[in-house]
Each structure stands twice: as structure tokens, then as C-alpha cells.
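Subject: Structure handed over, with notes

Hello,

Below is the structure you will be working with, followed by what was found in it. Please keep the structure open while you read.

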Amino acid sequence: MRTNNPTYSTGQLSALVILRMLIGWHLLYEGVAKLWSSGWSAAGYLNDSAGLFAGMFKAMAGSEGLMTVVNFLNVWGLILIGLGLILGLASRWAALGGVVLLVLYYLSHPPLIGVQYALPSEGNYLWVNKNLIEAAALLVVMLFPTEHIVGLARFFGRKSAQPVVTASGSTQPVSQEKAHA
Amino acid sequence: MADNGYNKPEGNSGIPRRDLLKGLAGIPLLGLFGAGAWSKQTYDKKIQEQILKELNIEAAVPPLPDLSGDPVRIGIIGFGIRGKQLMRALGFATPDWKKEMQKAAAQNPNDKRWETFATQDNLNLRVTGVCDVFDVRAEEAIAAGTVDGQDPPKRFRTYEEMLASPDIDAVVIATPDHWHAPMATAAALAGKHVYVEKCMTHKFGETYALRQAVQDSGIIFQVGHQHRQTQSFLTAMDVIKKNVLGHVSLIQTNTNRNDDNGAWQYPIHDQASPQTIDWQQFLGNAPQIPFNAEHFFRWRKWWPYGTGLAGDLLTHDYDRINCLLQMGIPDSVISSGGIYTHRDGREVPDVWQVVMEFPDYTTGTSQEAGKEKGLTFMYSATLGNQYNRGTLLMGHDATMELGNTLFVYPDARSTRYKDMLGNDLVKPDVPLYAYNPSSKGGDGITSATAAYFANKGLLYTYRDGKRVDSTHLHMREWLAAIRQNKPDLVSCGINEGFQEAISALMACASYKLGRRIEWDRETERVKNVTEEELGEVGMA
């Protein structure tokens, strides 16, 4: 995980923050909706897996004990990731967690040629679907952090190098001492 | 965003205002999220509660009956495909089957057959006798029924010998159809309790005789319609009781199969011969013909031993509906079909449609009195296509799709749900009510997701979220009734069996005689067919 922070123009910063918060919103609601849906389980989804890792996902779905853990991690993982991204706290870790979850969803239901799933998709996909795209977008969020500018991390990040947005709109990394000078 | 400014304190102490604003930028968004999520949740819940309150359907969870006391001593008659399944439902499997299932479970963790068997409750019984006219099967039955530390079950050469034995309390009959009634009647006369497979009987005359024998003897009698234990069916009964569907005018049930096994092309055992099979005993009241291994193993294909689609599959569909509606025997039945997919010398049709009329029956109405009355039950079968057609109960107000799961769709022109449809509270293409007993919760309105993931099998049902063999529950109910000596405890007793058998036999007679068969409710006899005519088609 990087400790120094890149510099952004105002436009870049705005775009990154919007991306971070929208994805945060989406994942948070995915978690909350599952939490509020009594009896929800990922078992049905996992049982419907296809592709290279289908065996592994189906084996997970077959174990009641494992599914309790998987469901708990999935629901609370989504909620914490969503909160982290929206609030801007540990958002790089949150983004990483989001990438892992989304890649797992993707691997469970890859849009392969000739593969049909129980739940039909709402669009047309070939190899690339929205899970994969959202995972890639989260990679951007992870590698171009903004929480130290817009987010709670702003209050906790004073020991690391911090970027500043210059009067002309570009940002420069500055050292702690210089910033306080 | 002219500059970030957070490193430049404004004032002497505390966090700079710009720091504060940017640091807490996510909070208002989170507030908006909370308000939105809460309002969506409240809306969804309100709709769900409104619908559930309107419907007032209760998902029944029946208690499991008590089985304490001395073990019931069981005799198994017939250890073919179904006989083996029934023995397993009682808790006894052949060593070969156990090995095979353990291996399958080890290879595929989703294969729950072994787990379901191994975790079945002990039904507190002993298999003390077996009877099969094929030596190989009799030996298999002995192996399955043998428990460490106890005497193995005794092989009886004839069912009469078994019924005469003081070591037998009850018999399970899983023979070809033409033997059901003679054996069950003899068992009742001998005071032995009976669990008999469907179709309960093979001819009209023996149906009355069996009913009389069971009623006179007071034995506990159960017909093998294990669907009655399916939890979703118990809930469906409440759907009917609460008149959720309005007047049901049409019921559609179906069989679609497209493989040799489904068309009764069962394997012929390589040890089958006149030396290993008691051919005369197999024939019984069937026409006397020389030994024929195909007739023995694939008996469902010939009228003298079976009832074709009627006994094998129509009876299940009929009884599934009869347990919900208790509509009884139809006023008339007409059937038609042919041998279109398996022209292999069989006699029974493989594409077959049956229409039963109940002109005086009603499930209730939401419209003015007298406007609606009468019901058609339709059974449509092919053994040449396996496209899944659901079981539908089609009412004026809603349609119920009946399976291991349950879906109720409001009708676009419903009287009862007119206001709810007008307010977009319910929609014709979204289930008004969905029930999935494999889930411990989640009743009420549902998404398409639940529908797609619904378990469609009918071999298993659920109790407290645990998968259970429904045949196991059906036999458990029978055993509990025996222990408590309460004939009413069984869900498919002699009266239900009588209705099932007569309805199925009327359908067969209609096909064979090429005419509509009518039923007289008063005299309990078919009206427009003579004994001679029934005799000519082997059904008197």
C-alpha cells in the first residue's frame, strides 16, 4: 500500500472522489439490502457458478458451516467497504477488499460463451461484465487515493506526505514540515 | 477547489474549517444514504405486510409424530426400484447402495443423498420379513434389512405365508399394480397394517373390496402419495382455505419425460430366468403367458400388470390436487392419446391427455354469488419431451404455481386485488406470495431471484429448513398412526385411496373404451359402462 500521495488537478480530484463515493454507495447498499433480507444466503448464487472455479464455489455452497461464515463476511465486508469509501477512511484497504469481492463474483459468474445462469443478466456481456469493470474502477480508486483530501483520513494522515492543490489547480506533494511552515 | 488549505490552521486552535468540511464530506452523503435506504426498506416492508395481511397465509410447520414404544415389525413385499426406495425411507439400504452414495458424496459435496439418508430419524422398526418372487431381489432385501446383533429378516416365498406369520405387524407393498389390491385386501383381512404404493388398485371391483376390508378390519392403511408431506403443499392448503385464488376453474398438471428410464425401459437383470423368478406368482390374475423377462421388469408397459401413465404419474398429480381441494371423484372423465414416442411393443399410451370434470365444485368466489361454479382438472403427459410445464391452479383472482416451492401471481382482471393492482401494489408478473420452505425466512413478496433459485425437486421436502425425504415422512406418519392406533392420523388413507384409484381407473377405461366415463356420486358406480364392457378391457 502506498504511503505517499499523488497530486491532482481539481477536475481529477473531483472525478476520483465521485467515483469513490458512487462505488461506496453501491456496495454499501448491496450489503445493507442483504442484511435486511431475512434468510438471505449466497448459496443459491454460488451453486449456480460456472467456469474454472465453479467446483470451488459449489463446494462452498454445499457446506452449511462455511456458508454461515461466507454470508457474514460478504454482508459485513460490503458494508464496511461501502462506509470506508464514502467516509474516506482506510479507503485504499476498502477498495482492495472491494476488488477481491468483485473479482470473486466475477469468477463465480464469468460471462463465457455458451454459459447460461439461472438469473439472466440485465445486459449483454462477453467475457467483460459490470463486476469486472467495477473491480477495475476500484483499482483506480485504490491507486489514486483521495481520502486524505476529501475524507476522514484528512484528520489522521498528517504524518505522511500530503498533496496540496496549488492556486493554479495542480497539486504538489509537500512534506509535513513544509506544510506547516 | 482552489487549494486544500487543511495544513493552514485558521485561528489559534482546533481544526481549520476547510479541513473540517473536506474531512467530513462523506457524512452528508451517508446521511442521504441512510434516509434513502430506510425509506426504501419501510416502503418494501409496508407493501409486504399489506399483502400478507390481506392474504393471511400461514406457512404450516407440522410437528413430527412420536414413535416411542416397541419396534413395529415390518414385512416388505416387492424389492424392485420403488421397494428399495421405501426401505431406505424406513432407514434400511443395501450395502452396495450405501457404498455408492458415500463415494458419490465424497466426489461431489453437493450430492446430499447419503447425508439425507444417514441423518434420517430412526423410525423404531424392524424388518422381520421380505417377499420377492425374484431371488436376487429377495437376497438384496435381506441384506438391506439385516442389522448387526439381530436375526436377519426371514424370506417368505409367498405373501400369504408372510401374512400368516405372527412376526409381522405391518406390510409395505411395492409390487406391480395388479397385485396391490389382492395383497392389501388379504393383509387387512389378516389384521396387518398396510402401506401400499399407488395406483391403489388395478380394477374397479377390487377397489370396493379393498375399501370394505380396510374399513371392517380397522387396520392402519396408507397409500404411497408422499407429496402430502411436502411442506409447500401444506401451505398451499391454507392458500385455498383463505380463498386467495378466488374461483379456480382450471387446473393444469403435466408429465414431461424424454428418456428410456422415464418411459419404463428399466434394465433387465442378467440373472433373470424361470429358475430365479417365480413366474406364476408374478402373473397372478394376469393372462397366463410363458416366462417373459421384459414383462417382469418393464411391467408398466402392459395393461394386465399396470395402468401406464395413469397409475404411475396421473395418480400423483390427481392426489396432489385432491389433498388441496378435496374435490373427490370427477363426475366424468375423458382421455385420449397414443403410442407415439416408444413404439416398442407396449400397450399403454406414451402421449396421453386426461380431462376430469367437476361441474359442481367450487373453491369459493370473490364475485357475486352463483356466477362461478365448476372445475376442470387437466392432465397432459408425454414421454417424448421433458420441457418443464408447471402445475397451475388458475383462479379468477390469482394463479398458483405448485411445486416444492409455491408462487401465487395475481390475475390482471382480479376482483379481489383490483385496488391493489390499481395502486401498483401488486403486479400480475410478480408473485403476490412466494414460499420456499428451504429458507427459514423470506416469506411474502419476493424477487425473481428467489423464483429462479427455487428448488424444483419433488423427492425432498423440508422440516425446519432441513432437507428430508418426503417418503420418509409419509411412512413415519403411517408408523405413528399404527403406534397410537389412530387411523385418522394418516393423510392418504382408504377414502383418499379410493378416490385416487377410481379417478385413475375411469381415465384408463375412457382410453380403452374410447368414450367419456361418468360417475354416479349416489351409488358410487360408473354410470355409462357395463360390467361386461369393463371385463372385456380387463378392468371389472
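Helices here are DSSP runs of H or I with at least four residues, strands are DSSP runs of E with at least two, and both are numbered from the N terminus. The model is a predicted one.

Chain A

By that definition, chain A has seven helices and two strands. Along the sequence, their pattern is α-α-α-α-α-α-β-β-α. The chain has 181 residues, and 47% of them count as buried. Take the contacts in chain A between residues at least 6 apart in sequence: 71% of these join residues at least 24 apart.

The six-stranded sheet of chain B

In chain B, six strands make an open sheet with parallel pairing, in the order β3-β2-β1-β4-β5-β6. Its edges are β3 (154-155) and β6 (221-223), each of which pairs on one side only.

Strand β1 (residues 72-77) of chain B runs parallel to strand β4 (residues 170-173) of chain B, and four bridges join them. One residue to look up is B:I76, whose bridge partner in β4(B) is B:V172. Four bridges also join β4(B) to β5(B), again running parallel. There, B:A170 stands opposite B:H193 in β5(B).

Is β5(B) covered on one face or on both faces? Both are covered: B:H193 and B:Y195 are buried on one side, and B:V194 and B:V196 are buried on the other. Helix α16 (residues 470-484) of chain B lies across β1, β2 (125-131), β4, β5 (193-196) and β6, and runs at about 165° to β5(B).

B:C199 is in the loop between β5 and α9 (204-217) of chain B. Its relative accessibility is 0%, so B:C199 counts as buried. Which residues does B:C199 touch, leaving out those up to four places away in sequence? They are B:D177, B:H180, B:T307, B:G311, B:T315, B:E500, B:A501 and B:A504. B:C199 and B:G306 are 107 residues apart along the chain, yet 8.7 Å separates their C-alpha atoms.

The ten-stranded sheet of chain B

Chain B also has an open sheet of ten strands, in the order β14-β13-β12-β11-β7-β10-β9-β8-β17-β18, and here the pairing is mixed. The edge strands are β14 (433-435) and β18 (525-526), each pairing on one side only.

Strand β9 (residues 351-358) of chain B and strand β10 (residues 375-382) of chain B run antiparallel, with eight bridges between them. Within this pair, B:Q353 stands opposite B:S380 in β10(B). Helix α17 (residues 494-513) of chain B packs on the sheet and touches β8 (332-338), β9, β17 (517-520) and β18. The direction of helix α17 makes about 55° with that of β8(B).

On one side, β8(B) is joined to β9(B) by seven bridges, and the two run antiparallel. B:I334 has B:V355 as its bridge partner in β9(B). Two bridges join β8(B) to β17(B), also antiparallel. In that pair, the bridge partner of B:V333 in β17(B) is B:I517.

Aromatic rings

How many aromatic pairs does the structure hold over all chains? The count is 19. In one of them, the rings of B:W97 and B:W114 have centres 6.5 Å apart and planes at 45°, so this pair is tilted. B:W97 belongs to helix α4 (residues 95-107) of chain B and B:W114 to helix α5 (residues 113-118) of chain B, so the pair ties together parts 17 residues apart in sequence. B:W97 and B:W114 are both buried.

B:F296 and B:F297 make an edge-to-face pair, 4.9 Å from centre to centre and with 80° between the planes. Both B:F296 and B:F297 are buried. They also belong to a cluster linked by ring pairs, which includes B:F134, B:W279, B:F282, B:F291 and B:Y305.

Two arginines lie over ring faces. B:R211 is over the face of B:F498, 3.8 Å from the ring centre. B:R525 is over the face of B:Y208, at 3.9 Å from the ring centre.

Regards

Notes. Residues are numbered from 1 along each chain as its sequence is written. Chains are lettered from A and ligands numbered from 1 in the order in which they are written. This is a predicted model: local features need pLDDT of at least 70, side-chain atom pairs count only at pLDDT 80 or more; totals for chains, interfaces and linings use all residues. Side-chain values use heavy atoms; hydrogens and water are left out. Rings of Phe, Tyr and Trp (its six-membered ring) pair if their centres lie within 6.5 Å; planes under 30 degrees apart count as stacked, over 60 as edge-to-face and the rest as tilted. Buried means under 20% relative accessible area, exposed over 50%, partly exposed in between (1.4 Å probe, protein chains only). A charge sits over a ring if NZ of Lys or CZ of Arg is within 6 Å of the ring centre and within 35 degrees of the ring normal. Two strands pair if DSSP finds at least two bridges between them. Contact means heavy atoms within 4.5 Å. Axes are lines fitted to C-alpha atoms, for helices over the stretch in contact, and angles run from 0 to 180 degrees between N-to-C directions.
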